[in-house]
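Q: I would like to learn how to read the features of a model from its coordinates. Could we take them one by one, with the general idea before the case?

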Amino acid sequence: MMPLHSKVFGEGFPFIILHGFLGMGDNWKTLGKRFSELGYQIHLVDQRNHGRSYHTEAFDYELLVSDLKAYCAHYNLEKCVLLGHSMGGKTAMLFAALYPELVYKLIIADIAPRFYPVHHDAILEGLSALDFTTIKSRAQADTQLSSFIPEFGIRQFLLKNLYWISPGQLDLRLNLKALKNNVSEVGEALPSHLKIEIPTLFLKGDKSEYIGQEDEKQISAQFPNAQVVTISNAGHWLHAENPKDFYAAVTYFLD
């Protein structure tokens, strides 16, 4: 199998960034560029069934971790900084637990190791309802999507998946069918027996409910060398909503 699709830029210590559910590496371009200026080689990775990476019917964290392991082998990455947001954070946690020798420092953005119930129903329904026989522009797609997803910012994030498969014919880069069939996998917990000793930074948005006080107890138990930092004026997409403070927290941790 081909390695995962990625954009690699900058020179220095490898720094891998994993996007969240229904996202892609490109979502991290602006912050990635800033991190590269600190002397890192940035890898903006598209996880399986997302972006330009391969599509398969199967989808779970064990597969996402094995994809990342193969990616590191392909690029001869012996150690890296690993940052993951939401679903990407879950991939990053399991990867660090199974291959601690490959991870120098771990950064987890707005997700805890616990189980999360399925909560993407409206989004998946909206994306499935997009009719590309009639939609001929991003604006038309946005209008169709708005009856399912009222939040403009979330629609803009999702519509980054739009692309022209041929002149006049739009489609989504996502493997929507596989992601819908396996959506319950996205909320899976990090197995509770796993302990990760690697220095870890958990970042949570002050307006997000993904990491609560109980979650912080579990984080301390499974990540004895973790710190939890709150990013102000930010929800679940904290890196997009407050990139300045997000960048500052990450660079402070890496120093």
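A: Let us start with burial: a residue is called buried under 20% relative accessible area, exposed over 50% and partly exposed in between, using a 1.4 Å probe and protein chains only. Helices (H or I, at least four residues) and strands (E, at least two) are DSSP runs, numbered from the N terminus. The model is a predicted one, in which local features need pLDDT of at least 70 and side-chain atom pairs count only at pLDDT 80 or more, while totals for chains, interfaces and linings use all residues. Residues are numbered from 1 along each chain as its sequence is written, and side-chain values use heavy atoms, with hydrogens and water left out.

Q: How many residues of H3 are buried, and what do they pack against?

A: In H3, 11 of the 12 residues are buried, so this helix is largely enclosed by the rest of the structure. Taking contact as heavy atoms within 4.5 Å, the buried residues of H3 pack against several elements, including strand S2 (13-18), helix H2 (61-74) and strand S4 (80-85).

Q: In which sense do S4 and S5 pair?

A: Two strands pair if DSSP finds at least two bridges between them; S4 and S5 do so in the parallel sense, over six bridges, with Leu83 standing opposite Ile107 in S5. The chain crosses from S4 through H3 to S5 in a right-handed β-α-β crossover, a term meaning that, with the strands pointing away from the viewer, the path from the first strand over the helix to the second runs clockwise. S5 is also joined to S8 by four bridges, and these two strands run parallel, with Ile108 opposite Phe202 in S8. Six of the seven residues of S5 are buried, so S5 is largely enclosed by the rest of the structure.

Q: How many salt bridges does a search of the whole structure find?

A: Side chains of opposite charge can pair when their charged atoms come close. The criterion is a side-chain nitrogen of Lys or Arg within 4 Å of a carboxyl oxygen of Asp or Glu, and the search finds six such salt bridges. One of them joins the side chains of Arg155 and Asp142 at 2.6 Å, N to O; Arg155 lies in helix H6 (residues 152-159) and Asp142 in helix H5 (residues 138-146), so the pair ties together parts that are 13 residues apart in sequence. Arg155 is buried, at 8% relative accessible area, and Asp142 is buried at 15%.

Q: Are Glu214 and Lys217, which also meet in a salt bridge, buried or exposed?

A: Glu214 is exposed, with a relative accessible area of 57%, and Lys217 is exposed at 54%; their salt bridge is 2.9 Å, N to O. Both residues lie in helix H9, three residues apart, about one turn of the helix.

Q: How many aromatic pairs are there?

A: Rings of Phe, Tyr and Trp (its six-membered ring) pair if their centres lie within 6.5 Å, and planes under 30 degrees apart count as stacked, over 60 as edge-to-face and the rest as tilted. The whole structure holds 10 aromatic pairs. The rings of Phe15 and Phe35 have centres 5.0 Å apart and planes at 25°, so this pair is stacked.
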